[in-house]
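Good morning. Please have a look at the chain on the screen, and I will go through it from the overall layout down to a few single residues.

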Amino acid sequence: MGKFVITKRKNGEFQFNLKAGNGQTILASEGYTTLAACKNGIESVKKNAPEDARYERKEAKNGAPYFNLKAGNGQVIGSSEMYSSVAARENGIESVKKNAPDAEVVDETAE
């Protein structure tokens with residue numbers, strides 16, 4: 001079972017990581033100025049994750065495949081790690097689709 005882990009960056013921004021059942025991070029968010037905005041981002045991931053059309057499959061300058069998950073308005077709400085192959089990236093997308101909708105939220109910011 002996956003989980004969203006909310007943490008605070010050194011600059012004070014909030015971010016979340018979606019972790020798979022094995023603890024590996026499969027999606028990372030941008031920085032948010034408030035905890036509420038960060039939680040809204042998580043809700044957006046939960047809502048958009050099952051839709052394949054929301055995934056933007058990309059390639060880094062070094063050729064490594066990765067993906068962005070976008071909201072209905074086209075805004076990026078999460079990015080993956082760099083993968084070693086296109087097949088590995090597709091597995092990552094499937095993992096987000098499977099884990100995100102029912103993932104618990106763990107707030108490690110202690111606020």
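Helices and strands here are DSSP runs, a helix being H or I with at least four residues and a strand being E with at least two, numbered from the N terminus. Alanine 60, for example, sits in the loop between E4 and E5. Before more of that, a word on the source. What you see is a predicted model, in which local features need pLDDT of at least 70 and side-chain atom pairs count only at pLDDT 80 or more, while totals for chains, interfaces and linings use all residues. Residues are numbered from 1 along each chain as its sequence is written, and side-chain values use heavy atoms, with hydrogens and water left out.

Now the layout. The chain has two helices and seven strands. Their order along the sequence is β-β-β-α-β-β-β-α-β.

On overall dimensions, the C-alpha atoms fill a box of roughly 40 × 30 × 30 Å along the principal axes. The radius of gyration, taken over C-alpha atoms, is compared with a globule rule of 2.2 Å times the number of residues to the power 0.38. For 111 residues, that rule puts a compact globule near 13 Å, and the chain agrees because it has 13 Å.

How much of the chain is buried? I call a residue buried under 20% relative accessible area, exposed over 50%, and partly exposed in between, using a 1.4 Å probe and protein chains only. Of the 111 residues, 41% count as buried. The accessible surface, from the Shrake-Rupley method with a 1.4 Å probe and, for residues, only the protein chains shown counting as cover, comes to about 6000 Å². Carbon and sulfur atoms hold 46% of that surface.

Contact means heavy atoms within 4.5 Å. Among contacts in the chain with a separation of 6 or more, 47% are between residues 24 or more positions apart.

Next, the helices. The expected span of a helix is 1.5 Å times one less than its number of residues. Helix H1 covers residues 35–48. Its 14 residues should span 20 Å, and its end C-alpha atoms are 20 Å apart, so the two agree. The buried residues of H1 are Leu35, Cys38, Gly41, Ile42, Ser44, Val45, Lys46 and Asn48. They pack against E1, E2, E3 and E5, and also against strand E6 (76–79) and strand E7 (104–107).

Take one residue from that list. Serine 44 counts as buried because its relative accessibility is 17%. Setting aside residues up to four places away in sequence, serine 44 touches Ala71 and Ile77.

Helix H2, residues 86–99, also has 14 residues, and it reaches 20 Å from its first C-alpha to its last, close to the 20 Å expected. Which residues of H2 are buried? They are Arg89, Gly92, Ile93, Ser95, Val96, Lys97 and Asn99. Their cover includes strand E2 (14–19), strand E3 (25–28), strand E4 (55–59) and strand E5 (65–70).

Asparagine 17 is in strand E2, and at 16% relative accessibility it counts as buried. Beyond residues up to four places away, asparagine 17 touches Lys3, Phe4, Val5, Thr25, Leu27 and Ala28.

Is threonine 25 buried or partly exposed? It counts as partly exposed because its relative accessibility is 26%.

Glutamate 13 lies in the loop between strand E1 (3–8) and E2. It is partly exposed, with a relative accessible area of 23%. Apart from neighbours within four places, its contacts are Thr7, Lys8, Gly31 and Tyr32. Glutamate 13 and threonine 34 are 21 residues apart in sequence, and their C-alpha atoms are 7.0 Å apart.

Last, back to alanine 60. With 17% relative accessibility, alanine 60 counts as buried. It touches Tyr66 and Met82, residues up to four places away not being counted. From alanine 60 to tyrosine 83 there are 23 residues in sequence and 9.8 Å in space, C-alpha to C-alpha.
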